Amino acid sequence: MSGKKTMNDEQSGGGTASADTLMNTHLPNSHDSGLGSEIQAKIGQHLRAMYDDVVRQGVPDRFMDLLAQLDAKGPKSSESGDK
Amino acid sequence: MTNLDPALRDEIIAAIPNLRAFAISLSGSVDRADDLVQETLLRAFANIGSFRPGTNLPAWLFTILRNLFRSEYRKRRREVPDSDGNFAATLTSNPDQNTHLDFEDFRTALDKLPSDQREALILVGASGFSYEEAADICQCAVGTIKSRVNRARRRLGELLAIEDVEDFGPDKTTRAVLAAG
């Protein structure tokens with residue numbers, strides 16, 4: 001990663017930018033937040049990549065087992081009396 | 001109601017991977033996240049009667065999970081994320097991502113955010129909820145969510161810009177631990 005985007009955060013809006021960006025900000029276009037859009041795009045990418053990596057793991061067996069137990073028990077009986 | 005509607009059951013199952021991803025991002029630990037998801041499912045089944053069909057099931061489940069996390073959090077506080085159970089350790093592979101170091105920088109920075117900002121950012125930026133849905137889940141105003149997301153992004157940007165320069169942040173330790181394990 002390049003080191004050239006170090007100075008663009010502090011001197012951009014002095015912290016008052018939030019008032020107007022509040023109303024119309026979307027994650028993808030973030031240049032109005034006063035930070036480099038490059039770094040903001042990277043944030044979005046990383047965030048989704050991390051999250052999606054977990055999502056792709058699907059449904060672990062323990063949860064399918066749990067649902068099977070709950071099905072067998074039926075919703076009317078005591079709800080957490082397992083073990 | 002005697003039995004759970006199969007369609008509803010399928011919808012709940014479909015939401016589990018997302019619930020896990022959200023729970024891991026909240027708790028910083030896979031084990032605690034899975035316990036949270038389990039407790040969420042138990043609550044959901046026990047209270048399925050209070051879910052109104054046709055409304056947003058994922059948002060309902062996320063709300064349960066978040067409330068559980070919040071009440072637990074008050075009890076135990078957030079533990080220091082251990083490198084066995086943290087987000088980075090759950091990454092199975094990231095071949096198309098730049099480098100592993102990038103990821104660790106990012107995760108470290110994410111962990112530094114206040115939890116209300118982190119959850120807002122995750123809900124909107126990763127889970128794909130609208131600001132309105134995220135506000136429902138967090139039981140706050142839409143404007144509050146927007147400002148939390150903005151502050152989270154700004155803070156992350158600052159943290160990552162700094163780590164870009166330093167090149168080695170607190171991550172050095174993490175990598176040492178990972179390498180040792």
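## Chain A

From the N terminus on, the elements of chain A run α-α-α, and in this predicted model the secondary structure of the chain comes to three helices and zero strands. Chain A has 83 residues, of which 24% count as buried.

## Helices H6 and H7 of chain B

In chain B, the axes of helix H6 (residues 115-125) and helix H7 (residues 131-138) come within 9 Å and cross at roughly 140°. Because of that angle, H6(B) is described as oblique to H7(B), and the crossing of the two helices is right-handed. On the side of H6(B), the contact is made by Glu119(B), Ala120(B), Leu123(B) and Val124(B), while H7(B) contributes Tyr131(B), Ala134(B), Ile137(B) and Cys138(B). Sorted by class, this contact has seven nonpolar residues, no polar residues and one charged residue.

The buried residues of H7(B) are Glu133(B), Ala134(B), Ala135(B), Ile137(B) and Cys138(B). Just after H7(B) comes Gln139(B), which takes a positive phi of about 50°.

Leu160(B) is found in helix H8 of chain B, which covers residues 142-166. This residue counts as buried because 26 other C-beta atoms lie within 10 Å, where 20 or more are needed.

When its neighbours within four places in sequence are left aside, Leu160(B) is in contact with Ile39(A), as well as with Asp105(B), Phe106(B) and Ala109(B). Leu160(B) can also be compared with Thr108(B): the two are 52 residues apart in sequence, and their C-alpha atoms are 9.4 Å apart in space.

Note on methods: Residues numbered from 1 in each chain as written. Chains lettered and ligands numbered in written order. Predicted model: local features only at pLDDT ≥ 70, side-chain atom pairs only at ≥ 80, totals over all residues. Helix = DSSP H or I, 4+ residues; strand = E, 2+ residues; numbered from the N terminus. Buried ≥ 20, exposed ≤ 12 C-beta atoms within 10 Å, placed from the backbone. Contact = placed C-beta atoms within 7 Å. Axes fitted to C-alpha atoms, helices over the stretch in contact; angles between N-to-C directions. Parallel < 35°, antiparallel > 145°, perpendicular 65-115°, else oblique. Left-handed = near helix turned anticlockwise from the far one by under 90°. Nonpolar A, V, L, I, M, F, W, Y, C, P; charged D, E, K, R; others polar.
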